Amino acid sequence: MTRTSLAETGSTDVIVIGAGFAGLYMHHRLREMGLNAVGIEAADDVGGTWWWNRYPGARCDIRSLDYSYSFDPELEQDWDWSEKYATQPEILSYANHVAERFDLRRDVRFSTRMTSARWNETTNEWVVETDQGDRWTAQFLVMAVGALSAAKQPELADIDSFAGPTYYTASWPHEGVDFTGQRVAAIGTGSSGIQSIPLIAKQADQLTVFQRTPNFAVPAQNGPLDPEVVATLKRRYREHRAEQRVSYGGVVNPSSEQSAHEVPADERTQRFDAIWEEGMLFGFLGSFNDVMIDPSANAIVADYLRDRIRSIVSDPATAEALCPTTYPVGAKRLCLDTDYFETFNRSNVSLVDLQSTPITRLVPSGIQTTESLYEFDTIVFATGFDAMTGPLLAPEIVGKDGETLRDAWSAGPRTYLGLTTHGFPNMFMITAPGSPSVMTNMLVSIEQHVEWSTEAIAWMAERGVQQIDPDLEAQDAWVDHVNEVANFTLFPKGNSWYLGANVPGKPRVFMPYIAGVGPYREICDGVANDNYRGFTFA
Ligand code: NAP
């Protein structure tokens with residue numbers, strides 16, 4: 001669907017940037033409200049993260065029956081997921097199905113990247129420009145750009161000097177990559193690395209994994225969905241969706257009321273074994289009520305997960321190198337794996353621990369560390385994202401008084417409710433910093449944000465109000481609250497992308513709001529019901 005049209009100029013009601021799950025639902029809602037919208041999407045079709053991240057093994061770490069839209073009861077009855085955790089191709093098919101079913105491609109300009117958005121104070125409009133020379137004006141701008149969509153190049157000296165092909169998990173070739181007979185390097189052991197490494201290992205002649213920080217990972221225990229389980233859930237899907245909406249993470253997981261210290265060690269192990277066997281990724285964080293608050297409770301979970309690694313990986317030195325020891329479980333995003341640790345028992349796989357032998361530079365034949373030169377045919381980078389702020393700060397966004405978003409957020413993102421930011425009127429952000437977003441089932445968070453934003457737009461239209469802008473005091477109080485909640489927990493205690501710690505020079509601010517989607521929804525609804533407390537209308 002590569003774009004072939006000439007540059008366009010025009011005016012509309014709402015400009016929506018991004019056609020992933022957030023952008024698609026936004027188009028649907030706006031159309032239902034009788035508003036016109038123009039969508040701008042850099043990819044050549046819908047799907048967002050699932051359009052770009054096509055690396056081997058890419059799949060969702062939220063169960064497929066949960067990771068789907070709830071806005072249409074017929075849609076959820078009609079669609080059938082094949083596995084407990086859906087693969088990237090299946091999720092992309094779902095996005096395509098939704099786009100077709102609701103005719104959502106019609107308003108979107110694909111293969112087009114927004115380059116700038118400027119608030120015109122005279123006309124009270126956003127003026128958006130694209131790399132195709134388009135110029136659109138609209139009363140509202142919706143940034144539905146995703147939280148993990150700005151891939152990050154690793155900071156490695158002479159990165160372009162490697163003579164062979166290089167691949168990024170975040171922008172994998174659509175035709176796939178055949179590693180047969182090759183010596184492959186994989187750099188990065190976060191979720192993307194952990195999912196792709198076992199499959200690359202099966203195909204490549206040799207695979208060398210370069211690990212800077214080990215991660216905790218829990219086996220997906222994936223498999224085909226039991227038709228009985230699906231039928232039972234479909235019979236009560238509406239209630240299930242209602243439970244998701246008031247839950248902590250947008251999924252209905254049991255969470256314990258007990259402290260880890262209240263329970264005898266053998267009972268704790270039984271509970272952990274059950275979570276492990278169930279493949280319930282975030283079950284470990286809710287296994288006791290103090291796991292993410294009390295370092296000693298967290299250490300109990302960490303010890304269990306490290307023992308699991310030691311029991312899987314045959315070589316003791318490799319097992320120790322794969323054991324995370326420098327941060328609490330959950331402070332870096334937990335990973336869902338299939339045979340990740342088992343892969344290190346293969347004779348064609350080896351691990352290079354960059355903590356003891358860092359990479360010094362890339363060379364035409366491979367990777368030079370402080371200790372050795374490793375020669376490769378191909379390098380795979382699974383090196384992550386400039387998370388949450390990256391996609392919002394990439395284009396030039398200029399608000400009131402000529403202030404840029406980059407300047408406004410130079411010390412870290414500042415939002416009111418994670419939905420709006422002071423000085424940038426009529427701009428809504430979907431799953432931005434200051435909202436639960438990446439700590440949750442994104443589909444639940446996306447729907448809540450789209451619904452809240454469109455209800456605000458409708459409220460304004462009913463009253464003939466042209467402009468909405470959050471007050472600085474309300475925003476400051478929200479940012480303080482987000483930090484206060486985060487600092488009550490262990491979540492900020494790792495060098496994670498939650499904090500921006502993976503991007504050199506990025507301000508260290510814990511970005512997601514971690515009180516949970518249920519409480520957050522109540523706060524957002526309370527603000528709306530109180531005539532949008534904390535906002536100024538013009
Ligand atoms: P990530 O978690 O940020 O992992 C990036 C990896 O690359 C880390 O191991 C990092 O090491 C390493 N790295 C970065 N720069 C490096 C350098 N210069 N030298 C050596 N190593 C370097 O990124 P990701 O794996 O793409 O995952 C990001 C997030 O996307 C996940 O946390 C998750 O929220 C989401 N995701 C979800 C799924 C899923 O299961 N549904 C799959 C993929 C991604 P350090 O840890 O030392 O920085």
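Student: Before we start, what does "buried" mean here?
Tutor: A residue is called buried when its relative accessible area is under 20%. Please keep in mind that this is a predicted model.

Student: Okay, which residues of helix α1 are buried?
Tutor: They are Phe21, Ala22, Gly23, Leu24, Tyr25, Met26, His27, His28, Arg29 and Leu30. With 10 of its 12 residues buried, α1 is largely enclosed by the rest of the structure.

Student: And how far does α1 reach from its first C-alpha to its last?
Tutor: The helix covers residues 21–32 and reaches 17 Å, which is close to the 16 Å expected at 1.5 Å a residue.

Student: What follows α1?
Tutor: Glycine 34 follows the helix, and its phi is positive, near 80°.

Student: Let's switch to strands. How many residues of strand β6 are buried?
Tutor: Seven of its nine residues are buried, so β6, which spans residues 135–143, is largely enclosed by the rest of the structure.

Student: Does β1 run parallel or antiparallel to β6?
Tutor: The two strands pair in the parallel sense, over eight bridges. Within this pairing, threonine 12 stands opposite alanine 138 of β6.

Student: And β5, parallel or antiparallel to β6?
Tutor: Strand β5, residues 125–130, pairs with β6 in the antiparallel sense over four bridges. Valine 128 has tryptophan 136 in β6 as its bridge partner.

Student: What about the hairpin of β5 and β6, how many residues are between the strands?
Tutor: There are four residues between them, and glycine 133 in this hairpin takes a positive phi near 85°.

Student: How many bridges join β6 to β18?
Tutor: Three bridges join them, and the two strands run parallel. Leucine 141 has methionine 427 in β18 as its bridge partner.

Student: New topic: where is asparagine 426?
Tutor: Asparagine 426 lies in the loop between α13 and β18. This residue has a positive phi of about 60° although it is not a glycine.

Student: Why does asparagine 426 count as buried?
Tutor: Its relative accessibility is 1%, so asparagine 426 counts as buried, because the cut-off is under 20%.

Student: What about the phi of serine 437, positive or negative?
Tutor: Serine 437 has a positive phi of about 30°, although this residue is not a glycine. Its place is in the loop between β18 and α14, the latter being residues 442–463.

Student: Last one: is serine 437 buried or exposed?
Tutor: Serine 437 counts as buried, because its relative accessibility is 0%.

Terms used:
Residues are numbered from 1 along each chain as its sequence is written. This is a predicted model: local features need pLDDT of at least 70, side-chain atom pairs count only at pLDDT 80 or more; totals for chains, interfaces and linings use all residues. Side-chain values use heavy atoms; hydrogens and water are left out. Buried means under 20% relative accessible area, exposed over 50%, partly exposed in between (1.4 Å probe, protein chains only). Two strands pair if DSSP finds at least two bridges between them. The expected span of a helix is 1.5 Å times one less than its number of residues.
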